[in-house]
Amino acid sequence: FVGNKQIQFGEKAVPEPGPGQLLLRVHANALCGSERPQFFDGTAVTPGHEAAGIVVVAGANTRTQVGTPGVVFLMDFCGTCRSCKLGFTNQCLQKRGDMGFNKDGGYGQYELIHESIFFPVPEEFSATEGTLLLDVMGTGGHAIDRCQLMRPHIESLLVLGAGPIGLGVLMMAKIIL
């Protein structure tokens, strides 16, 4: 995204994974309204924070096998700080970046990520379906989990709007509650 509502295609070198990193061949990436500022104002990084793909190279000290399909979490959390250990990875105290915002994301052919933010999905899921597990269903599930911290037995739920996130909240409510 070069700004002024313009998109240009270019070439970047295929990155090589280091220790703890995976290289994904991106097969799908959902569009998100949060990318609008990049579309209007431009960005130096490759956008895309809702990517799904297949691991093509696994760096040293990783457990994920080449050929594993999965999705990429937006925040490149450390996994070791107090917040991460409590399960609040969205509040990581040593966050390495945000995919597609300050680190190259899923609109490219390949995406280099830390293994900690890769979540395998069953092979029967298409890459497009896999992207739904991220912001659409993940945001809804996270919201319900947070509500349950204050009220463990949720009796009712009000969703104001039936866009992708609202529908994701309803789907996750059916699964979780």
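The structure is a predicted model, in which local features need pLDDT of at least 70 and side-chain atom pairs count only at pLDDT 80 or more, while totals for chains, interfaces and linings use all residues. Residues are numbered from 1 along each chain as its sequence is written, and side-chain values use heavy atoms, with hydrogens and water left out.

**Cysteines**

- The count of disulfides (pairs of cysteine sulfur atoms within 2.5 Å) is zero.
- C78 is in no disulfide, and the nearest cysteine sulfur, that of C92, lies 3.6 Å away.
- C92 is likewise in no disulfide, its nearest cysteine sulfur being that of C78.
- C78 is buried (under 20% relative accessible area, with a 1.4 Å probe and protein chains only), because its relative accessible area is 15%.
- C92 is also buried, at a relative accessible area of 13%.

**Helix 4 and helix 5**

- Helices are DSSP runs of H or I with at least four residues, numbered from the N terminus.
- The axes of helix 4 (residues 135–150) and helix 5 (residues 164–176), lines fitted to C-alpha atoms over the stretch in contact, come within 7 Å and cross at roughly 55°.
- The crossing is right-handed, meaning that the near helix is turned clockwise from the far one by less than a right angle.
- Contact (heavy atoms within 4.5 Å) involves residues including V136, G140 and I144 of helix 4 and I165, G168 and M172 of helix 5.

Notes: Buried < 20%, exposed > 50% of the residue type's maximum accessible area, 1.4 Å probe, protein only. Axes fitted to C-alpha atoms, helices over the stretch in contact; angles between N-to-C directions. Helix = DSSP H or I, 4+ residues; strand = E, 2+ residues; numbered from the N terminus.
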